[in-house]
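Please examine the sequence and the structure shown below. The briefing that follows is arranged by topic.

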Amino acid sequence: MARRAVYLQLSMNPSAPTPSPTSAAFVDEAVLLRLVRIDQLAGVRRSVRAALPVNVVLSIAAAIVAWNAGRVEAGLWWLSLSLAVNLLRLFLSRDVPADTGAAVERQLKIMAVSSAASGCVWALIPVLCDGYTSPQTLFYLTSVCGICAGSVVFGIAYAGVPIGFVTPALLSVAACLSYAGGFDNLSIAATVVLYLAALLRSAFLSERVFCASSRLKNAATELASQLHREHAISSDANRQLAFQASHDNLTGLLNRQGFTEATARHLAERAGQRHAVLLLDLDGFKTINDTFGHQTGDRVLEDVAAWLRTELLELEAIVCRWGGDEFLVLYTPREDQHSAAQLAQTLIASFASRSMHSAAILGLSVGVVLFDEADVGDSITFADEALYEAKHAGRNNFRVFDEVLKERSDRRRDVERDLRRAIQAGDVTLMYQPIVRIDDRQIHSLEALVRWTHPSHGPVPPEEVIHAAAATGLAEMLLRHILDEVFSALRVLEAAGPRFADVPIAVNISPREMVQLPVDDIVLGMLGRRGIAPRLLQIEITEEIALDFHATQARLNALAAADIAIVVDDFGVGYSSIASLRSSYVRRVKIDRSFVSGLSGPSRNAALVAFTVQVGHALGIEVVAEGVECEEELNVLRSLGCNLVQGYHLARPETLETLISSPAIRYASIADSSPR
Ligand code: C2E
Ligand code: CA
Ligand code: CA
């Protein structure tokens, strides 16, 4: 049988489609039937308890009338029987639970049978009135018909009960009167039969009405409780969603969004006060991740979060996982509380003393900033700036954002703001520093170095220019501008006579540019359009992990294949390793300045330089020593077999014009010490 169900139409629109069983609240038909039956049973019990007193009173009255008519014994017997049955019915109508559908059905049947028993007692009334022929007949007839009417009026819940009662009682009346015979008696008997039929019909109709209203009530109740349950579930889900949206999965701390919301509330409640932000960063977390795996890393972060919570318990602080191994704390210092700097110090000390996972490897750096409402937007940038400085100073340090840092961050902001205009206006220019061959005193090549003097902040270090370009999405624009300048310079050199005609220019390209920009396409495209020989362009790049990426390797190979020399810059420091010399595209290495500057005194640098020179020779790779600042260094380099040199001692970075117009003095030292 197809499952029928009662649906609750949630829409107020009558033309809306009927909801499907999966999406709407509904009550199963079987459940509904059972609930109606339970209601019926309760109704029957109630009606029996209500009708019994009437039954007993009428029974006593019947017995008294019998006694008055001289039928004492018969009256007593009948009354005893009636009282016994009524007692039984009282017992059966008590409220015992009926747990299953079958139990309910059984109880209903028992009630009907007991009611029939009572009806049978009333069917014995003829014993007291000679089969409805004695002078008390009127009393008994009235009593029986009345009690039968009462039985139907009370017994609306379940037709079986009144039917069980009225049928034997009235049939007995009709039978006796028919037996007595005579027109009057037969007429009354016929009327009683009609009366019985009317009562039976009424009993059925009443039950139907009762069931219909019970059904409606139960459906509504069940739907209401279903809606209530579903509402509770969906509220729960909403709460969970809201929590997830504002909290970090791993640590349970606030995430960035949660932090922003909590901060807005926190500040609104504390208007006019000074607040503090602490940006915490774990020192050495990467090592933990790399050495012990991400699971250990996750456990460390969980532990740190728990530790932070306890440390900051009394501060009413907002604690957030800002990302990775960075945590952000915002609070409003009260007079009696630690100043923010002291708090940073306490946290660092507490962190160091705790035996958290691999605590020996971990440290804590903190950037601190104090601010009032006006600076809310910048507070995190400032804290970041301070953290950067703290980390720069080594592990377990904190730094408060102060005027010096403010100036630096202002400069960075202005630099980033003004860079585009400066590039467009041609204010970003290049200086050229020669790389010199010791043996023939000729310029081997030039290195292009970017220069920009900011109108209010003065000369901006090239690294900052490059960083600002990357931060503001101007990296490609700047690279194209530099290449344009270099190509123009190559044209000028070509026209400047044989000494400069074939001198290539090296351009620095940061690993980040190499990763993020299609450098090969840009360079080769521009070279082609300008009709410049690729061998005149060289590219200097520092070795970094980023260069291991497949894309960057492919770019460098493409450039090398087009005959552009690739130079490994700052060789020997940072990420550069001897393995980088394996790459086929490497044409030259530049020994980092830090090895060269130690050459004039006693150090192991000489051996390292000699080693690099020999490896370079063996592999057919040119070796340049950069940062040569004095005669002594130059002499040592020459004795170590290093033929290519660059540095202030030979030539500082100059404009192209200066370089071309007065090149002679640049080689004075080589000329002086040359054996020739
Ligand atoms: P780098 O590639 O190692 O460039 C050499 C730096 O050392 C230059 O500093 C140069 O002026 C300086 N230098 C040259 N000889 C000496 C010396 O004898 N002693 C000392 N102490 N320094 C010397 P600069 O121009 O400030 O450039 C710094 C860094 O900025 C460069 O280091 C390079 O990594 C980056 N850079 C410069 N221009 C560009 C560019 O156009 N693009 C990119 N991506 N980076 C650039
Ligand atoms: Ca360089
Ligand atoms: Ca360098």
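An oxygen atom of ligand 1 lies 2.8 Å from an N or O atom in the side chain of Arg-593, a polar contact in the sense of a pair of N or O atoms within 3.5 Å (within protein, one must be able to donate a hydrogen and the other to accept it, and residues adjacent in sequence count only if both atoms are side-chain atoms). On its own, ligand 1 has 790 Å² of accessible area, of which the protein covers 85%; such areas come from the Shrake-Rupley method with a 1.4 Å probe, and for residues only the protein chains shown count as cover. This is a predicted model, in which local features need pLDDT of at least 70, side-chain atom pairs count only at pLDDT 80 or more, and totals for chains, interfaces and linings use all residues. Residues are numbered from 1 along each chain as its sequence is written, chains are lettered from A and ligands numbered from 1 in the order in which they are written, and side-chain values use heavy atoms, with hydrogens and water left out.

**Surroundings of ligand 1**

- The side chain of Arg-451 has an N or O atom 2.9 Å from an oxygen atom of ligand 1.
- Helices (H or I, at least four residues) and strands (E, at least two) are DSSP runs, numbered from the N terminus.

**Residues with positive phi**

- Most residues other than glycine have a negative phi.
- Tyr-132 has a positive phi, near 60 degrees, and is found in the loop between α3 (101-123) and α4 (137-154).
- Why is Tyr-132 counted as buried? Tyr-132 is buried because its relative accessible area is 2%, and buried means under 20%, exposed over 50% and partly exposed in between (1.4 Å probe, protein chains only).
- Asp-570, in strand β13, also has a positive phi, near 50 degrees.
- Asp-570 counts as partly exposed because its relative accessibility is 25%.

**Residues in helices**

- Ser-82 belongs to helix α2 (residues 72-92) and counts as buried, at 2% relative accessibility.
- Apart from neighbours within four places in sequence, Ser-82 is in contact (heavy atoms within 4.5 Å) with Asn-55, Ser-59 and Val-121.
- Leu-200 is part of helix α6 (residues 183-246); its relative accessibility of 24% makes Leu-200 partly exposed.
- How far apart in space are Leu-200 and Ile-163, C-alpha to C-alpha? They are 6.1 Å apart, although 37 residues separate them in sequence.
- Not counting residues up to four places away in sequence, Leu-200 touches Ile-163, Val-166 and Thr-167.
- Ala-470 lies in helix α13 and is partly exposed, with a relative accessible area of 22%.
- When neighbours within four places in sequence are left aside, Ala-470 is in contact with Ala-475 and Arg-512.
- The C-alpha atoms of Ala-470 and Ser-353 are separated by 40 Å, and the two residues are 117 residues apart along the chain.
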